[in-house]
Amino acid sequence: MSWKPEVDEINQRRELALKQGGEAGIARQHEKGRLTIRERIDELVDKGSFDEIGKGAGASERGSNGELIDFTPANFVVGFAEIEGRRVIVGGEDFTLKGGSPSPAGLRKSVYTEDLALQYKLPLVRLHEGAGGSVGGSGGPSMPGPVFQPSRFKSVAQTLGTVPVASAALGAVAGLPAGRLVSSHFSVMSKSTAQILVAGPAVVERAMGEKLTKDELGGAQVHTRNGTVDNGAEDERAALAQIRAFLSYLPDNVWSLAPVTACDDPADRMDEALLDIVPRERRRAFDMRRLVNLIVDQNSFFEMGKGYGRSQITGLARMQGQTVGVWANDGRHLAGSMTADGARKAERFIKLCETFHLPMIAFVDEPGFMIGSKAEKEATIRHGARTVLTTALTNIPWASIMVRRSFGVAQAAHYGPEAYTLAWPSAESGPLPVEGGVAVAFHREIAAAEDPDAKRRELEEQLAARQSPFPRGEALAVHELIDPRETRPMLCRWIDRVQPGLDRLLGPSAFPYTP
Amino acid sequence: MATHTIELETGGSVWKVLVKAGDTVSEGQELFILEVMKMEVPYTSPASGTVKEVSLAEGDVVEEDQVAAVIEG
């Protein structure tokens, strides 16, 4: 007698697993404009590459003769897959079953996701939609875990120092899935379908008396602006496209280097627009994103965190096909000053680059830490100092371009150890911008003048002239004063010089990456 | 014909308003300039067309996300 009956049952279970929460559950998901977890995975990965693990995990119901009546799959789907031909681990809750709140087998698969990424040292993608535990417990009464059980969060923490982790919020994400969502190097939320909540409206109303909808509590207008997620996307498909883009810049793990892609943008391209992109009028703001895009490989800039800490611009790009981190100031937003949230955003970004050995290019237009009562209340100096010290301990190569202002303690965050430093003719630097400094340092002289306003302006002009970049060039305080149009050719030569040394940085970074 | 709504990226005060409703503008032309933290922040037209509306006056104190102008082009 063969094993045919068991094989038939295995096949029957596999078919039932693909039914997820059943036709009605899937129809409800689609009615709300959302994809199922299996459709999400198909949309994310290379066609036909999903290689599932634990499809047979779940719960079965048997008849009186021991025959299989029904099989309910675990409500977490996980497996290997490929994105642009590179292997990854991908997993996510199945909302059509129990609203994604973990079933016993679902919880096991969910916990196993990070272990798999660590074991195989592969990038991890988590697609979240679901709530955390329920007071009813996951699947009835069970024994609590033993004291010797490893911490649930240890592997989550370890992945962040080992492999790239990207996550997406695609529906309502609460509790544990929300915690895992943000425990990533890059997170994106679908603006049309996702909310992120520590606790949902019913719990909030009972505890706090606040009556708010899911969207008011944790929609994209809240969380793309406070740093909870890095980016927003119009819908689920756009969110998944961002994850593919993000991963394309990163290595598989900390023991390998980011892939270098073919580049048809000439290394010696000198864009004429750079000559006058910084206005001669010192107070006139300019478009830093345009500047960045004119210098890095064409169409390679992928911005992260545009909606918060907005005086700082962070993102990944390529120079001659080599991934680089790009950090720049946005003078259009609070003069480009370092705010508390801008400092936190920059710090996390610096750690991303350090963790994955990505050279950093800083385009500096930093007037200093944000000032005023709001800034003091936000503990700007503590967050700012942490960013400055994080930079000081990095090992990655830095190239810092003094585009315009470079002032105070805050400017130090933009120059890593042994940074290759180039200054544009528009560069100004010093302990503080003349506008503020003159009023303080020369207050008696100004007060005694017949026309104090005119005196102040005269002193400002005199001091601004003294901040000319030429003395810095003479003192070798910068590697070179350059024509702004030369920036790309010089940075391409720099990348060519630092690339051979990147493999010496391989391995875990000295400081941990935390959310 | 598309309608472009220009929302403010930051709060601040309105330093100069350079166009008015009915004006013809070209893409990249400066529409108004805010003053934010002593920096002059120009806003330019995203398209060539006609100014349908400008809801700022010089000296106004403005807030992030406020609709500042509408361009049809």
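User: What share of the contacts in chain A with a separation of 6 or more comes from residues 24 or more positions apart?

Analyst: That share is 72%. Two residues are in contact here if their C-beta atoms, placed from the backbone, lie within 7 Å. Keep in mind that this is a predicted model, where local features need pLDDT of at least 70, side-chain atom pairs count only at pLDDT 80 or more, and totals for chains, interfaces and linings use all residues. Residues are numbered from 1 along each chain as its sequence is written, while chains are lettered from A and ligands numbered from 1 in the order in which they are written.

User: OK. How many helices and strands does chain A have?

Analyst: Chain A has 19 helices and 18 strands. Both are DSSP runs numbered from the N terminus: helices are H or I with at least four residues, strands are E with at least two. The C-alpha trace of chain A spans about 105 × 55 × 45 Å along its principal axes.

User: And how much of chain A is buried?

Analyst: 46% of its 515 residues. A residue is buried if 20 or more other C-beta atoms lie within 10 Å of its own, exposed if 12 or fewer, and partly exposed in between, with C-beta atoms placed from the backbone.

User: Which domains is chain A split into?

Analyst: Domain 1 (4–58 + 68–134 + 152–248), domain 2 (272–427 + 469–503) and domain 3 (433–467). Those bounds come from an automatic or database domain assignment. The C-alpha centres of domain 1 and domain 2 of chain A lie 35 Å apart.

User: How many residues of domain 1 of chain A are in contact with domain 2?

Analyst: 13 residues of domain 1 are in contact with 12 residues of domain 2. On the domain 1 side, strand 10 (231–233) and helix 10 (236–248) of chain A each supply at least two residues. By class, that side has 4 nonpolar, 7 polar and 2 charged residues. Ala, Val, Leu, Ile, Met, Phe, Trp, Tyr, Cys and Pro count as nonpolar, Asp, Glu, Lys and Arg as charged, and the others, Gly among them, as polar.

User: What about the largest nonpolar core, how many residues are in it?

Analyst: It has 126 residues, and those with the most contacts inside it are A:Ala169, A:Ile243, A:Met360, A:Phe363 and A:Ile401. Such a core is a set of buried Ala, Val, Leu, Ile, Met, Phe, Trp, Tyr and Cys residues joined through C-beta atoms within 7 Å. Strand 7 (residues 165–174) of chain A gives the most to this core, with 8 residues.

User: Why does this core lie between domain 1 and domain 2 of chain A?

Analyst: Because both domains give residues to it.

User: What is A:Ile401 in contact with?

Analyst: Apart from neighbours within four places in sequence, A:Ile401 is in contact with A:Ala362, A:Phe363, A:Val364, A:Leu422, A:Trp424 and A:Thr487.

User: A:Leu422 is in strand 16 of chain A. Which residues sit on each of that strand's faces?

Analyst: A:Tyr420 and A:Leu422 are on one side, A:Thr421 and A:Ala423 on the other, and all are buried. Strand 15 (residues 398–407) of chain A runs parallel to strand 16, joined by 4 bridges; there A:Ala399 stands opposite A:Tyr420. Strand 18 (residues 480–481) of chain A is also parallel to strand 16, with 2 bridges, and A:Leu481 is the bridge partner of A:Ala423. Two strands pair if DSSP finds at least two bridges between them.

User: New topic: helix 12 of chain A. How many of its residues are buried?

Analyst: 15 of its 16, so helix 12 is largely enclosed by the rest of the structure.

User: Where does A:Gln320 lie, and is it buried or exposed?

Analyst: A:Gln320 lies in the loop between strand 12 (312–319) and strand 13 (322–329) of chain A. It counts as buried, with 21 C-beta neighbours inside 10 Å. Its phi is positive, near 55°. Most residues other than glycine have a negative phi.

User: Last one: how many residues of chain A are in contact with chain B?

Analyst: 10, and they meet 9 residues of chain B. The chain A side has 3 nonpolar, 3 polar and 4 charged residues.
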